[in-house]
Amino acid sequence: MRKFATIALLGAGLLCLGRQTQGQAAAAPPAPPAPTDKAGYWSHTDLQSIWKDLTAKQVINKRVMEGGTYSLNIRIVRPQDPPLVHAKSVDLWVVTKGTATAVTGGKLANLKTRPNSDDTSGDSIVGGTEQALSAGDILFVPTGVPHGFKDLKGFEALLIRWDTK
């Protein structure tokens, strides 16, 4: 009888917990830490699987590796994403698929501070330089340089970011 009561209490507790968390989105697991004693490797198949998952879930970024002052991200760029300036970090974009036009330099129009980050954003870039991008291209964006993308056609890129300050 005591065993039955224990199981019944445990079951009731789990049922209550299930009802409390129903409808709440699960928090994304933290990115795996960058290896410190060996090389890191991500297969093309693994990366494509992440792309498909992001697209299906309509999530724009997946941090694949976290190194503290640097990270590796798979990033979906959307046409409505505002141009940015990073005050303390550098971006290195490695285009893996599709095409886009990068707009860099110049000044952000209607500057806005973004919460919880070192970024500022704007409605557009005034006086920037346009650069066509396609698979295999690399775009380096130093700290303090406005950057954004337009004319996206199947554009996919790895984003490697590191802190400079």
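Author: Start with a cut-off: buried means under 20% relative accessible area, exposed means over 50%, and partly exposed lies in between. The model is predicted. W162 has a relative accessible area of 30%, so W162 counts as partly exposed. W162 lies in strand 11, which spans residues 147-163.

Now the inside. The largest nonpolar core has twelve residues. Among them are V77, W93, V95, A100, A102 and L133. L139, V141, F149, F155, A157 and L159 also belong to this core. Strand 4 (89-104), strand 10 (138-141) and strand 11 each supply at least two of its residues.

Take L159 from that core. Leaving aside neighbours within four places in sequence, L159 is in contact with S71, L72, N73 and R75, and also with D91, L92 and W93. W93 is itself a member of the largest core. A second, separate core has eleven residues, including A34, W51, V64 and I76.

Step back to the whole chain. Two helices and eleven strands make up its elements. Along the sequence, the pattern runs α-α-β-β-β-β-β-β-β-β-β-β-β. Of contacts between residues at least 6 apart in sequence, 72% join residues at least 24 apart. Buried residues account for 31% of the 165 residues. The accessible surface comes to about 10900 Å². Carbon and sulfur atoms hold 59% of that surface.

Methods:
Residues numbered from 1 in each chain as written. Predicted model: local features only at pLDDT ≥ 70, side-chain atom pairs only at ≥ 80, totals over all residues. Heavy atoms only, no water. Helix = DSSP H or I, 4+ residues; strand = E, 2+ residues; numbered from the N terminus. Buried < 20%, exposed > 50% of the residue type's maximum accessible area, 1.4 Å probe, protein only. Contact = heavy atoms within 4.5 Å. Areas by Shrake-Rupley, 256 points an atom, 1.4 Å probe, with all protein chains shown as cover. Core = buried A, V, L, I, M, F, W, Y, C linked by side-chain atoms within 4.5 Å.
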